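Trainee: Before we look at anything together, could you show me how to read individual features of a model with care?
Mentor: Gladly; let us take them one at a time, with the general idea before the case.

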Amino acid sequence: MYSFYIFLWATITGSIFILFIHFLLKDTSFLLRTGLGFFAVCTLLCVLRLSTPLEFSPLLHKIEYPGWISGLIRPRNLFHTEIPAEYALIAFSLLVSLILLCRYLYRTAKISRTLYSYSTEDPEAESLLYTIDESCGIRVRRTELIKGPVIIGCRRPVIYLPEMELSVMNLSDILRHEYTHWKRHHLPIKILIQLITILFWWNPCIYILARDLSHIIEMICDEYAMNRYDKMEKVHYMSTLIHCLRHSSESRPGKEPTKICGMGFVSSESGRSTKQRVTYHLNKAASASRRRVGVSLLYALAFCWMIGSYFVIFVPSYTPDKQQLYSDEAEAYLVEKADGTYEFHFGEYVVPVTREEMESDRYMIYPVLSEEEAGKTAGQ
């Protein structure tokens with residue numbers, strides 16, 4: 001039962017930091033001062049905190065929730081059985097995750113088959129791609145089913161281009177961007193993001209994290225793609241972004257089908273993210289003299305939050321009134337667990353009790369049973 005509160009605390013702390021990073025990322029001036037590395041590290045710390053609900057018992061500092069919150073999250077059994085309600089919630093969550101995983105695999109396979117079936121080869125674009133890397137083995141095809149350029153597939157990558165007018169320079173910018181996604185292994189990261197979203201589907205903050213991380217990856221990809229560009233070439237790259245965004249916004253309404261399984265050139269559903277990409281890359285040179293001490297301090301604060309959150313936990317409070325202490329004394333008892341902690345049983349209520357709490361006077365009047373004796377008592 002105690003592990004449930006550890007998991008709940010990991011979810012709360014991770015979600016709060018996700019929202020904090022999300023609002024910082026919306027400030028382009030702050031992004032220019034810190035750089036993409038800070039946001040990439042912080043989003044990874046959020047994922048790590050959500051997926052590692054751990055405790056360090058000797059150094060753990062416990063803080064009690066207010067009474068009304070404690071009443072909401074107090075331990076309960078499922079429909080007057082001996083099965084804790086938390087187990088039912090975990091089973092339901094994993095079942096939904098399994099269904100979402102099957103749905104994701106099915107949709108990914110279907111999208112790949114459909115795009116390949118309703119697309120044609122583009123020899124001109126492939127020959128231009130091979131001037132970048134003749135050994136990449138990436139195929140380039142044209143299709144009317146997408147709004148913007150996208151690359152799909154880890155083992156057999158394919159770059160799909162929409163049916164739109166593109167100059168040689170526009171095409172070169174797009175192919176270099178999609179090639180960089182493949183070269184920097186962004187497609188496996190995209191799959192990992194989807195799996196994390198599926199596992200924590202019940203947490204609304206995880207969808208914000210997925211969008212932000214995808215946006216950060218796109219900007220990092222831009223940096224690598226323009227690594228050897230001069231100023232004028234960077235300006236043309238930005239104009240290509242705007243050109244593709246305009247085409248995608250003027251295309252048929254509806255969501256982009258490749259969003260869940262591919263890495264695109266522009267986000268057809270949010271012009272704000274493309275605007276930030278353009279602003280960031282065109283003004284990045286002016287922020288080259290950003291203060292390293294300030295950025296290092298931000299990194300230190302992020303890691304301190306990450307480490308410090310493992311040594312604090314909120315737990316529900318429980319204080320029986322005097323009437324419960326005496327009139328219902330025969331119905332209440334304590335159960336000693338194998339890990340040295342206790343559980344206080346009072347009717348349908350089950351409250352975790354630590355060794356330190358056992359020393360308080362309020363538990364001294366109750367009998368202490370072993371788990372075997374408690375099972376026999378419940379059976380009677």
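Trainee: Which side chain does aspartate 173 join through a polar contact?
Mentor: A polar contact is a pair of N or O atoms within 3.5 Å. In this predicted model, the side chains of aspartate 173 and threonine 240 are joined by such a contact, at 2.9 Å.

Trainee: Where does aspartate 173 lie, and what is it in contact with?
Mentor: Aspartate 173 sits in helix 7, and once its neighbours within four places in sequence are set aside, its contacts are Tyr229, His236, Tyr237, Thr240 and Phe265.

Trainee: How far from aspartate 173 is the nearest side chain of opposite charge?
Mentor: A salt bridge needs a side-chain nitrogen of Lys or Arg within 4 Å of a carboxyl oxygen of Asp or Glu. For aspartate 173, which is buried, the nearest side chain of opposite charge is that of arginine 176, 6.1 Å away, and aspartate 173 has no salt bridge.

Trainee: At what angle do helix 5 and helix 8 pack?
Mentor: The angle runs from 0 to 180 degrees between N-to-C directions. Helix 5 (residues 85-117) and helix 8 (residues 186-199) pack at about 145°, and their axes are 8 Å apart. From helix 5 the contact draws on Ser93, Ser97, Leu100, Leu101 and Tyr104, while helix 8 contributes Ile191, Gln194, Leu195, Ile198 and Leu199. Sorted by class, this contact of helix 5 with helix 8 has seven nonpolar residues, three polar ones and no charged ones.

Trainee: Is serine 249 buried or exposed?
Mentor: Serine 249, which lies in helix 10 (residues 231-250), counts as exposed because its relative accessibility is 52%. The C-alpha atom of serine 249 is separated by 9.5 Å from that of glycine 148, although the two residues are 101 residues apart along the chain.

Trainee: What share of contacts in the chain join residues at least 24 apart?
Mentor: Among contacts between residues at least 6 apart in sequence, the share is 71%. The chain has 15 helices and 11 strands, and buried residues make up 44% of its 380 residues.

How values were computed
Residues are numbered from 1 along each chain as its sequence is written. This is a predicted model: local features need pLDDT of at least 70, side-chain atom pairs count only at pLDDT 80 or more; totals for chains, interfaces and linings use all residues. Side-chain values use heavy atoms; hydrogens and water are left out. Helices (H or I, at least four residues) and strands (E, at least two) are DSSP runs, numbered from the N terminus. Contact means heavy atoms within 4.5 Å. Ala, Val, Leu, Ile, Met, Phe, Trp, Tyr, Cys and Pro count as nonpolar, Asp, Glu, Lys and Arg as charged, and the others, Gly among them, as polar. Buried means under 20% relative accessible area, exposed over 50%, partly exposed in between (1.4 Å probe, protein chains only). Lys and Arg count as positive and Asp and Glu as negative; His and the chain ends are not counted. A polar contact is a pair of N or O atoms within 3.5 Å; within protein, one must be able to donate a hydrogen and the other to accept it, and residues adjacent in sequence count only if both atoms are side-chain atoms.
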